Amino acid sequence: MRSQIFLVALMTFLAAAGSVPAQAEVSPSPAPPAAAIVSASNPKSFDPAKATQAWLDTVPQDKRAKSDSYFEGGYWLLLWDYLLGAAISIWLLTSLLSARIRDFAERFTGSRTLQVAIYGAVYVILTYALAFPLTVYEQFFREHTYGLATQTFGPWFLEQLIMLGVNAVALAIVLMALYAVFRAAPRSWWMWGTGVAIFFFVLGAMVAPVFVSPLLNTYKPVSDVKIRDSILQLARANEIPVDQVYEFDASRQTTRVSANVSGLLGTTRISLNDNLLKQCSLPEIRQVMGHEMGHYVLNHTTKMVSQFAIFAFVAFLLARFSFDWAVRKWGPRWSVRGIADPAGLPLLALIFATFGFIFTPISNSVTRIAEREADAFGLNTSREADGFAQSALKLGAYRKLNPGPIEEIIFYDHPSGRARIRMAMDWKAAQLPTGGAAENK
């Protein structure tokens, strides 16, 4: 599940936003360390805590330091992303540039709906251009520095332009609906606006995997029959309505491993990236796919919509008071007429971004709980405790494996590597039949 669910979703709906490619470090999956193997002669001697530490000790110190540095740097980027977005919003308002864009749209057409669409498209392009220096550092140069990216600048920038076009069109459509509500319900706009946001959130969950993702990657059926049939077996056992497994060429862009069971209302599909196929063993792949199926079986998409609805309701309610207060105080100076005026969009975006930033620990914790549930489901479904530990170490290439408890609560939207490995070792200690235990009986 994507991290920062609330902030990403709201900012998607209500705001915009030549080097040598790195080679993927394909490390062989480490064999289970001695402490992680259940003794056939004395299975009760197995210690989950010692086994967890033994798995962590298989990662060389230099790689641990590198992944820690990368992940901890992301803490600061959360702050810089917010501050830059806030600065852009404030500048658009105080410079009257937002009002001038609105005036241009009004001169271009008399239709208020089209005026909003024009404003939204210009807003996306302008804010993207202003944020581009941080974007290119964060998503291109930094990823290359840590060996996580594989694209040269040209292909990377082309994909950025493709998504810029998608975002411009999507935001224009969403804004037309939102501002129609704002005009029709000037007092209760925040309630109806919440409904519009939820509708487009659900629509995005259905449309993005089928129509947007293929714009950047090629999807094709998994050719390895052994892997395909093993995954479909797990899907059938859990009543997931699919008869095909897809792989996509993420190695064009990144060295990361990933997979998903995505879609709603008949658009469900199972996809895994080619890095997962290249870098992971079958037990690891089964565990990863078991985890992803857990999101589907446990109705996490529906729960995610419910959670988004709560966050959106609170955010719109707070926006109702803070937006009106700000317009009363500074509206004439900014030439913002009220909630139905698209020139006030930077103010609305600032309010939502501030809410999302402050509530990051809460949104992360909500997501992390769901991910932990999917981890447990994946273990019980795949029965691959050692595969789970091995895949957790793979993710440790860009996630700090052993954070402090407060650090994990604030910054982690998935359980840490240590927490995941400990879950796997606790599961093994329960003496359920696992691959690793069975092989040593």
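As a residue of E2, Tyr 246 is the bridge partner of Pro 221. That takes us to strand E1 (residues 219-221), which is joined to E2 (residues 245-248) by three bridges, with the two strands running antiparallel.

Put together, the four strands make an open sheet with mixed pairing, and the order is E1-E2-E4-E3. At the edges sit E1 and strand E3 (259-262), each of them pairing on one side only. On average, neighbouring strands here are turned by 30° against each other, if you ignore direction.

## Two helices side by side

Now for a pair of helices. Helix H11 (residues 300-334) and helix H13 (residues 360-382) have axes that come within 12 Å and cross at roughly 170°. Angles over 145 degrees count as roughly antiparallel, so that is how H11 and H13 lie relative to each other.

Which residues make the contact? On the H11 side they are His 300, Lys 303, Gln 307 and Phe 311. H13 brings Ile 362, Ser 363, Val 366, Ala 370, Glu 373 and Ala 374. Sorted by class, the contact of H11 with H13 has five nonpolar residues, three polar and two charged.

## A closer look at H13

H13 is 23 residues long, and from its first C-alpha to its last it reaches 32 Å. That's close to the 33 Å expected at 1.5 Å a residue. Just past the end of H13 comes Arg 383, which takes a positive phi of about 60°.

## How confident is the prediction?

For the protein chain, the mean pLDDT is 88, and 90% of the residues reach 70 or more.

Where does pLDDT stay under 50? One such stretch is residues 1-26, for which the model has 84 contacts beyond four places in sequence. Another is residues 434-441, where the model has 12 contacts of that kind.

Key
Residues numbered from 1 in each chain as written. Predicted model: local features only at pLDDT ≥ 70, side-chain atom pairs only at ≥ 80, totals over all residues. Heavy atoms only, no water. Axes fitted to C-alpha atoms, helices over the stretch in contact; angles between N-to-C directions. Parallel < 35°, antiparallel > 145°, perpendicular 65-115°, else oblique. Contact = heavy atoms within 4.5 Å. Nonpolar A, V, L, I, M, F, W, Y, C, P; charged D, E, K, R; others polar. Pairing = 2+ DSSP bridges. pLDDT = per-residue confidence, 0-100. Expected span 1.5 Å × (residues − 1).
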